[in-house]
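Hi,

Here's the structure I said I'd pass along.

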Amino acid sequence: MKISKRLSRDAQFRIEQAAFKAVYHTCRALPSKFILNQGLKLGSLAWKLGLRTETTKKNIELALGSDLAESEIERIAKEAYLHYGQELVRVMILDHEARRPLEGWIDIEGLDVVQNRQSSG
């Protein structure tokens with residue numbers, strides 16, 4: 001994606017690199033919970049801007065079947081965008097996150113069921 005027709009490819013690369021580094025270092029300087037919340041907002045922004053939302057909804061319909069209501073497809077697609085935004089920023093702080101116990105930095109649905117079964121033998 002070209003920023004401006006007047007910029008050389010090298011200049012555009014340097015601007016993009018500087019922007020990425022600024023975002024990267026900002027993410028690492030702020031608390032993880034705050035950054036992950038910003039990731040949700042990033043995903044929400046991508047959804048509101050309509051970035052490939054029609055393709056996403058069509059793919060969900062193809063994967064899960066056409067018997068889903070349009071509102072359900074829309075809900076799943078929006079949740080996917082929120083999740084993707086959060087995971088995108090999580091990559092920036094992954095080494096910080098990895099210092100904490102696994103249960104503290106990822107959500108495992110049904111973990112209680114597994115733990116109950118393990119304890120009961």
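Let's start with the second largest pocket: its lining is made up of A19, F20, V23, C27, Q38, G39, L42, L88, V89 and M92. (A pocket here is an open set of points on a 1 Å grid over the protein atoms alone, where a 1.4 Å probe fits, with protein on both sides within 12 Å along at least five of seven lines; lining residues have an atom within 4 Å of a point.) Two or more of those residues come from each of α1 (9-29), α2 (32-49) and α4 (70-92), and α1 gives the most, with four. Helices are DSSP runs of H or I, at least four residues, numbered from the N terminus.

Before going on: this is a predicted model, so local features need pLDDT of at least 70 and side-chain atom pairs count only at pLDDT 80 or more, while totals for chains, interfaces and linings use all residues. Residues are numbered from 1 along each chain as its sequence is written, and side-chain values use heavy atoms, leaving out hydrogens and water.

Now for α4. Its buried residues (under 20% relative accessible area, 1.4 Å probe, protein chains only) are I73, A77, Y81, G85, Q86, V89, R90 and M92.

Why is Q86 on that list of buried residues? Because its relative accessibility is 18%, Q86 counts as buried. Leaving aside neighbours within four places in sequence, Q86 is in contact (heavy atoms within 4.5 Å) with L36, G39 and L40.

Cheers

Methods: Buried < 20%, exposed > 50% of the residue type's maximum accessible area, 1.4 Å probe, protein only.
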